[in-house]
Amino acid sequence: MNNLVTDILAPKTNLKMKIGLYFGTYNPIHIGHLAIANYMVEFTAIDQLWFVVSPHNPHKSKNNLLDDYQRLEMVHRAVDGDDRMRASNIEFNLPKPSYTVDTLAYLKDQHPNYDFVILMGSDNLENFHKWKNYESILENYGVIVYPRPGFDRKKVQVHKNITLAEQAPLMEISASFIRNAIKAGKDVRHFLPAKSWEYLEEMNFYK
């Protein structure tokens, strides 16, 4: 495990902007997402974090997934006023289903002066070998892994481009918990950023 770097605290670099890509459906975005994002921009080497909102896969059942732009709007409101973070709809107009390797190639073509890093939970890393062209991703991009509850460090793949953020806060809050709570008539406003909650309430989402 000696090749596994943990909690990079390297100073930010002005040579090339390092962008952390935080993929998710954000259905809805909540304080757990923001806490992890805050940790990443302050305690790792990334300069800015992009919340990449995943579009609905047309080949899968929608269930309780909100419209793409409704989820994007909640993310926009969540990061409003924080220059360290931004909402991204980059995958909305790319071929579906979306594959991370294709998104990365498109972003690199559009932003050649940026270095892109993937942020993922330890649960996703365990299945990383099933991703399309995952070897190419590992060789060409950094991956920063944050722990999930029940995380087993031994299951983390050892690679020079994988960094384990062991000191990142463990987040047990989930979007499904929030959706179910709202459906049950519970007031969970403090589980979401205030502006996102206001939009959610205004639109009567998840009720």
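Colleague: What does the side chain of His159 reach?

Modeller: In this predicted model, the side chain of His159 comes to 3.0 Å from the backbone nitrogen of Asn161. His159 itself sits in the loop between strand 6 (142–146) and strand 7 (162–164).

Colleague: Is His159 buried or exposed?

Modeller: His159 is buried, since its relative accessible area is 13% and the limit for that class is under 20%.

Colleague: Let us step back. How many helices and strands does the protein chain have?

Modeller: The protein chain has seven helices and seven strands. Their order along the sequence is β-β-α-β-α-β-α-β-α-α-β-β-α-α.

Colleague: And what share of the residues is buried?

Modeller: Of the 207 residues in the protein chain, 46% are buried. As for contacts between residues at least 6 apart in sequence, 69% of them join residues at least 24 apart.

Colleague: Now helix 2. Which of its residues are buried?

Modeller: Asp68, Arg71, Leu72, Met74, Val75, Ala78 and Val79 are the buried residues of helix 2. They lie on the same side of helix 2, because they cover an arc of only 155° around the axis.

Colleague: Why would residues three or four places apart point the same way?

Modeller: An α-helix has 3.6 residues a turn, so residues at that spacing point the same way.

Colleague: What covers the buried residues of helix 2?

Modeller: The cover includes helix 1 (31–43), strand 3 (48–53), strand 4 (85–88) and helix 7 (194–203).

Colleague: At what angle do helix 2 and helix 7 pack?

Modeller: The angle between helix 2 and helix 7 is about 145°, and their axes are 7 Å apart. Helix 2 contributes Gln70, Glu73, Met74, Arg77 and Ala78 to the contact, while helix 7 contributes Lys195, Ser196, Tyr199, Leu200, Glu202 and Met203. By class, this contact of helix 2 with helix 7 has five nonpolar, two polar and four charged residues.

Colleague: What about the ends of helix 2? Which residue caps its N-terminal end?

Modeller: Asp67 does so, with a side-chain oxygen 2.9 Å from the backbone nitrogen of Tyr69. Just after helix 2, Gly81 has a positive phi of about 90°.

Colleague: What span should helix 2 have, and how far apart are its end C-alpha atoms?

Modeller: The twelve residues of helix 2 (residues 68–79) should span 16 Å at 1.5 Å a residue, and the end C-alpha atoms are 17 Å apart, which agrees.

Colleague: You listed Asp68 as buried. With which side chain does the side chain of Asp68 make a polar contact?

Modeller: The partner is the side chain of Arg71, at 2.6 Å. Asp68 has a relative accessible area of 16% and is therefore buried. Apart from residues up to four places away in sequence, Asp68 touches Val53, Ser54, Pro55, His56 and Phe92.

Colleague: A backbone question next. Where are there cis peptide bonds?

Modeller: One joins Asn27 and Pro28, with omega about 5°, and Pro28 is in the loop between strand 2 and helix 1. Another runs from Lys96 to Pro97, with omega near 0°. Pro97 is in the loop between strand 4 and helix 3.

Colleague: Finally, what is the phi of Asn204, and what is that of Tyr206?

Modeller: Phi of Asn204 is near 55° and that of Tyr206 is about 70°. Asn204 is partly exposed, with a relative accessible area of 47%, whereas Tyr206 is buried, at 11%.

Methods
Residues are numbered from 1 along each chain as its sequence is written. This is a predicted model: local features need pLDDT of at least 70, side-chain atom pairs count only at pLDDT 80 or more; totals for chains, interfaces and linings use all residues. Side-chain values use heavy atoms; hydrogens and water are left out. Helices (H or I, at least four residues) and strands (E, at least two) are DSSP runs, numbered from the N terminus. The expected span of a helix is 1.5 Å times one less than its number of residues. Buried means under 20% relative accessible area, exposed over 50%, partly exposed in between (1.4 Å probe, protein chains only). The arc is that of the directions from the helix axis to the C-beta atoms. Contact means heavy atoms within 4.5 Å. A polar contact is a pair of N or O atoms within 3.5 Å; within protein, one must be able to donate a hydrogen and the other to accept it, and residues adjacent in sequence count only if both atoms are side-chain atoms. Axes are lines fitted to C-alpha atoms, for helices over the stretch in contact, and angles run from 0 to 180 degrees between N-to-C directions. Ala, Val, Leu, Ile, Met, Phe, Trp, Tyr, Cys and Pro count as nonpolar, Asp, Glu, Lys and Arg as charged, and the others, Gly among them, as polar.
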